[in-house]
Each structure stands twice: as structure tokens, then as C-alpha cells.
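Subject: Structure handover

Hi,

Here is the structure for you to open alongside this note. My findings follow below it.

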Amino acid sequence: MSNREELHEQFFVTPFWSTHIPEWVDEVNKTCQPHLDEAHERQSEYTKDGDMGRVYHSGSIENDPNLKMLVDYIGGTAYNLLETWGSDISNHKVLFDSMWVQEFARDGGGHHRVHIHENCHVSGFYFLQNEDSSYPLFHDPRQGAAMTTLPELDSRKITPASRTCNVQPEPGSLYMFPSYLPHEYIFSKKGGAFRFIHFNLSVVPLRYFGEGSVE
């Protein structure tokens, strides 16, 4: 039997953070409804006979004063997470790049293909409705790992060999992760209510604001 010491580490892991804030759902839903009404109106010409496969996107909502509590919470959390994840952002500001609410078709077929969000640093979702309709599926961001993929010993477990992983959101679920993490939303076969807020934040050096410049 070997007496050699062994060290097991994980290098270059992808962080993921979540919490649950159900007490904000009703008020946020109420605030988002007019934004979604406009999104539905923009597609009304194409949904007279049903909305199978449709996804309704609002415009920007980060400046809606009724969402200030949520916006402030997400912004502060993003700053703290970036520090927790090891980034030095002491000479930077964390700003919203975009924020919008969306919902999938009640008739089913709503989905997003796998994608990332370019030119930003933190992305996430806050879920408002989910009648077991869809869920986000995350993909391994390591391109090098894709070149040497092996069969998984147990695909039910999240391990360094995992190719994808999913999380099952409930109203009030809040997820945040690096924007480079590829994700998609699975095809909604049965329809039903599925509504969530999507947001992206960027880290900008203070020198762009005339602050903290070094001579």
C-alpha cells in the first residue's frame, strides 16, 4: 500500500451562484406586465391563430423605478461575487449592460438555442413563473475539454467530466454566473407559464469616468 501523499484539486472551475427570493415575485410580476404587454403587441400580427414557438422579449427595464430594489440587489451581488471569484475590481464600476423580461409561448415551443453573452462579465436570471415548462441547460465552457470528451461514469452527478448540467427554477429563483458560460433553454413541449428576467452586467475601469486615474 502506498504512503505517498495525494493532492486532489480542481483548476479553472466555472462559478455559479443562486438564491431564492419568492417574496419579490408578485410585485416584480406586476411591474413587468406592461413591458410584456408591449412585447405581445409587437407580435400580435403573427399570433392570431396561436403563439406556438414564440418568445416575447421586453425592452430595457433596468431603469424602471419600481424595479430599483431588484436592480440594486443584483448590482451589489455581482460586485461581491466577482471579488469572491477572485477578481480585483477595486478600481472599477459594475454597470448594467442590459436587463429585460421575457416569457415563452403558452402554446409551447418556446426555447433558446445555446449561446453566451458577449462583451459583459456577469449574467443571470430571476424567475417569475414556471409551470414545469422549461429550464436552463448549461454547457461546459472549456473548448479544450470538448476535444477529448469521454463517456461519463454517472451523468446524474456534476463532475469535471460533465458536459452539461441543468437547474430547475421556481418563482423567486435567482441565478448568476460568468457571462462566458454557454446556456440554452430547452424546448417547451407542453407550454404553460414560463417568465423570467434576464440581465447582463459589465465591469468598467474608473478611468473611463475620470476617476482613479494614475499619472
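In this predicted model, L137 stands opposite N166 in strand 7. Strands here are DSSP E runs of at least two residues, and helices are H or I runs of at least four, both numbered from the N terminus. Strand 6 and strand 7 pair in the antiparallel sense, over 3 bridges. Two strands count as paired if DSSP finds at least two bridges between them.

The pair belongs to an open sheet of 4 strands, in the order 4-9-6-7, with antiparallel pairing. Strand 4 (112-115) and strand 7 (164-166) stand at the edges. Each has a single partner strand, so one side of each is left without a neighbour in the sheet. From one strand to the next, the twist averages 20°. For such angles, axes are lines fitted to C-alpha atoms (for helices, over the stretch in contact), and the angles run from 0 to 180 degrees between N-to-C directions.

A word on the ground rules. Residues are numbered from 1 along each chain as its sequence is written, and side-chain values use heavy atoms, with hydrogens and water left out. As this is a predicted model, local features need pLDDT of at least 70 and side-chain atom pairs count only at pLDDT 80 or more, while totals for chains, interfaces and linings use all residues.

Salt bridges

The structure holds 5 salt bridges. The test is a side-chain nitrogen of Lys or Arg within 4 Å of a carboxyl oxygen of Asp or Glu. Side chains of opposite charge can pair when their charged atoms come close.

- K68 with D72: the closest N and O atoms are 2.5 Å apart. Both residues lie in helix 2 (residues 68-84), 4 residues apart, about one turn of the helix. K68 is exposed at 52% relative accessible area, and D72 is partly exposed at 42%. (Buried is under 20%, exposed over 50%, partly exposed in between, with a 1.4 Å probe and protein chains only.)
- D132 with K190: 3.8 Å, N to O. This pair links distant parts of the chain, 58 residues apart. D132 is in the loop between strand 5 (122-130) and strand 6 (136-139), and K190 in the loop between strand 9 (183-185) and strand 10. D132 is exposed at 58%, as is K190 at 57%.
- D154 with R156: 3.0 Å, N to O. R156 is exposed, with a relative accessible area of 76%.

Cysteines

How many disulfides does the structure hold? The count is 0, taking a disulfide as a pair of cysteine sulfur atoms within 2.5 Å. The sulfur of C120 is 19 Å from the closest cysteine sulfur, in C165, too far for a bond. C120 is buried at 12% relative accessibility. C165 is partly exposed at 28%.

Surface patch

L95, Y208 and F209 form a nonpolar patch on the surface. Together they have about 300 Å² of accessible area, by the Shrake-Rupley method with a 1.4 Å probe, where for residues only the protein chains shown count as cover. Patch residues have over 30% relative accessible area and no salt bridge; like charges are joined within 9 Å, and nonpolar side chains (Val, Leu, Ile, Met, Phe, Trp, Tyr) within 5 Å. Y208 lies in the segment after strand 10 (194-205). Y208 counts as exposed, at 56% relative accessibility.

Best wishes
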